[in-house]
Amino acid sequence: MNLAEVYPWLKALHIAAALVFVSGVLAVAIFLRSLPKDNPRLAAHVRSIRRWDRLVTTPAMLLVWRLGLTLALTGHWFAAGWLQVKLVLVIILSGLHGVQSGRLRRVGGGTRVQPSYVIVLIVGCSVGIAVLAIVKPWG
Amino acid sequence: MTATEDWRRDERRQLRQLELAAIVEGTTLLLLVGIAMPLKYVTGSADAVHIMGPGHGLAFVAYCWVAVQSVAGGGWTRSEAMRLFLGALLPFGGLFNLAFLSRKAARLR
């Protein structure tokens with residue numbers, strides 16, 4: 001199997017991993033935004049969400065990075081403007097995932113966290129990434 | 001296990017991940033600068049650089065990500081957080097932070 005045959009499969013896997021990653025980040029953002037007060041089952045909820053984050057969302061993020069870099073190298077896309085902007089949006093999403101993951105750990109430890117408004121940012125980055133990957137503006 | 005013990009165990013696990021990420025980041029940079037690049041200039045073959053370059057890039061991203069995750073979890077002073085991120089930016093900075101991370105982990109025991 002040559003590179004031209006493998007490329008669409010890598011791309012499909014990259015998109016699948018990105019969908020799983022973004023949905024995980026969005027789910028945690030919604031959970032942290034709507035944390036119930038004085039819920040006796042909160043610790044159990046946090047544990048199961050953290051397990052999902054550790055076992056599914058984080059590996060999906062690593063897969064997105066690994067496959068994304070492989071696709072960019074094989075397709076010689078690094079000089080393209082759209083990819084550079086897309087990389088910035090992916091870095092923002094990955095950073096938000098790291099911050100949320102830390103906040104989940106803090107909530108699990110019994111500390112209250114201030115609700116934040118990252119949902120709009122996550123949706124905005126996701127839309128931007130999809131548009132840039134499909135339309136490929138700026139070369 | 002009490003909630004405090006749970007929290008201490010989680011924090012120790014987080015610090016171990018950070019130590020591991022720092023070691024991998026520092027080692028891949030060492031391999032890139034110490035072996036792959038000299039090989040390129042001596043033998044003219046860039047294969048090792050092509051392998052180690054992206055490998056170190058991923059290790060660098062992973063270290064930054066674990067550092068963000070650690071600081072966002074709380075329990076870090078501003079200067080400790082600065083030290084962590086400087087460790088990511090300076091060559092081998094992560095390795096220089098290992099002793100500091102071990103001391104921090106020891107305080108949680």
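Student: How far is the sulfur of Cys125(A) from the closest cysteine sulfur?

Tutor: In this predicted model, the closest cysteine sulfur belongs to Cys64(B) and lies 18 Å away, which is too far for a bond. A disulfide is counted when two cysteine sulfur atoms are within 2.5 Å, and by this rule the count over all chains is zero.

Student: And are those two cysteines buried or exposed?

Tutor: Cys125(A) is buried, at 3% relative accessibility, whereas Cys64(B) is partly exposed, at 22%. Here buried means under 20% relative accessible area, exposed means over 50%, and partly exposed is in between, with a 1.4 Å probe and protein chains only.

Student: Before we go on, how should I read the names and values?

Tutor: Residues are numbered from 1 along each chain as its sequence is written, while chains are lettered from A and ligands numbered from 1 in the order in which they are written. Because this is a predicted model, local features need pLDDT of at least 70 and side-chain atom pairs count only at pLDDT 80 or more, though totals for chains, interfaces and linings use all residues, and side-chain values use heavy atoms, with hydrogens and water left out.

Student: OK, new topic: how many residues of chain A are in contact with chain B?

Tutor: There are 19 residues of chain A in contact with 15 residues of chain B, where contact means heavy atoms within 4.5 Å. The area buried between the two chains, that is, the accessible area (1.4 Å probe) that both parts lose on being put together, summed over both, is about 1400 Å², and carbon and sulfur atoms give 61% of this area.

Student: What does Arg105(A) meet in a salt bridge?

Tutor: Its side chain meets that of Glu11(B), at 3.0 Å from N to O. A salt bridge needs a side-chain nitrogen of Lys or Arg within 4 Å of a carboxyl oxygen of Asp or Glu, and the count between chain A and chain B is two.

Student: Which elements of chain A give two or more residues to that side?

Tutor: They are helix H2 (42-74) and helix H3 (81-108), and H3(A) gives the most, with ten residues. Helices (H or I, at least four residues) and strands (E, at least two) are DSSP runs, numbered from the N terminus.

Student: Last one: where is His76(A) placed?

Tutor: His76(A) is in the loop between H2 and H3 of chain A, and it is exposed at 70% relative accessibility. Its phi is near 55 degrees, a positive value in a residue other than glycine.
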